[in-house]
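Trainee: I have not looked at this one before. Can you take me through it?

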Amino acid sequence: MVQMHLPTAAPIVAITQDNYRTRTLTLDARLHAQPGQFIMAWLPRFDEKPFSLVAADPVTLMITAVGPFTRLVHELTVGDRLWLRGPFGQGFVPPASGGRLALVGGGYGVAPLLWLARRQQPTAARIDVFVGARTAADLLYVEHFAALAEASSSIHVHVTTEDGSRGQPGRVTDALAPRVAAGEVDGIYACGPHGMLAALSALGAAAGIPCQLSWEAYMRCGIGICGACEHEGKVLCLDGPVLKRTNL
Ligand SMILES: Cc1cc2nc3c(=O)[nH]c(=O)nc-3n(C[C@H](O)[C@H](O)[C@H](O)COP(=O)(O)OP(=O)(O)OC[C@H]3O[C@@H](n4cnc5c(N)ncnc54)[C@H](O)[C@@H]3O)c2cc1C
Ligand code: FES
């Protein structure tokens, strides 16, 4: 399947528990999509919400239970169905080859970065992945990124927690800043909370490093009609969620 314009039922074929409030769902659906694009997931007679694609073939979603919709998704089991529309939006556009890439994920923001790391691994000169969370219990996909690093000498994983319970104490920006200052980063690709993205934008601007940042917003239609997702003059479901800042 290339694009699903109308909600299409996708049975769940596998579920893994990633942390105390996050699960990864693998669905019996295939899309033609890019890392950073998202789908709208619908539960009939309930609600529809946007989620990044962790992978498109098969469609894989990481879902953190934060409210009514995501809690209901967590009650689904293998064989139950989610209805999907998409893919939507603009994904990450890394260099075709070369480059020293910094991939920065906060919380469930790591979801699109695992796919991006896998896709760029054969061609990038170096990929530094920064995975951050409040505590060790909140970290996501560290083992997935570590497995990539084991298999490829060009991938390096840096873990931060704000309470110091795992990895470097502090925020992902604290771990990234020295590499930026040393001139070791050619581009920043990030997804996470707005505060983290704003800090990365400022870091990139100060150093003259292009940034591609995936912004979250409340979304309804997903196709540029309702205006729910406006952010700094952009319609994030169409122009984003990944916005590019060249800073140069
Ligand atoms: C482009 C895009 C990609 C997204 N990708 C993902 C993804 O890969 N995985 C994922 O889990 N979510 C993702 N989201 C967010 C997801 O759509 C929302 O979390 C969703 O609205 C939750 O719906 P809900 O009804 O469960 O909770 P809501 O009622 O919408 O939210 C419940 C409460 O939790 C707060 N809240 C929302 N998110 C968080 C959070 N992360 N931590 C703490 N509090 C929070 C809300 O402000 C609200 O007060 C994405 C959003 C966008 C726009
Ligand atoms: S969600 Fe409707 S315009 Fe973006």
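What follows is a short exchange on a predicted model.

Trainee: Which residues of the largest nonpolar core touch the most other members?
Mentor: This core holds 70 residues. Helix H2 (residues 111–120) gives the largest share, 6 residues. The residues that touch the most other members are Leu103, Val129 and Leu200.

Trainee: Which strands stand at the edges of the open sheet of 7 strands?
Mentor: The order is E11-E10-E9-E8-E12-E13-E16, with mixed pairing. An edge strand has a single partner, so one side of it is left without a neighbour in the sheet. Those strands are E11 (168–169) and E16 (242–245).

Trainee: What angle does the direction of H2 make with that of E8?
Mentor: H2 packs on the sheet. It touches E8 (100–106), E9 (126–133), E10 (155–161), E12 and E13. With the direction of E8, that of H2 makes about 160°.

Trainee: Which element gives the most to the shell around ligand 1?
Mentor: 21 residues surround ligand 1, with Ser52 and Thr64 among the closest. Strand E4 (47–52), strand E6 (59–64) and helix H1 (68–74) each supply at least two residues of the shell. The one that gives the most, with 5 residues, is E4.

Methods. Residues are numbered from 1 along each chain as its sequence is written. Chains are lettered from A and ligands numbered from 1 in the order in which they are written. This is a predicted model: local features need pLDDT of at least 70, side-chain atom pairs count only at pLDDT 80 or more; totals for chains, interfaces and linings use all residues. A nonpolar core is a set of buried Ala, Val, Leu, Ile, Met, Phe, Trp, Tyr and Cys residues joined through C-beta atoms within 7 Å. A residue is buried if 20 or more other C-beta atoms lie within 10 Å of its own, exposed if 12 or fewer, and partly exposed in between; C-beta atoms are placed from the backbone. Helices (H or I, at least four residues) and strands (E, at least two) are DSSP runs, numbered from the N terminus. Two strands pair if DSSP finds at least two bridges between them. Two residues are in contact if their C-beta atoms, placed from the backbone, lie within 7 Å. Axes are lines fitted to C-alpha atoms, for helices over the stretch in contact, and angles run from 0 to 180 degrees between N-to-C directions. A residue is near a molecule or strand if its C-beta atom, placed from the backbone, lies within 6 Å of it.
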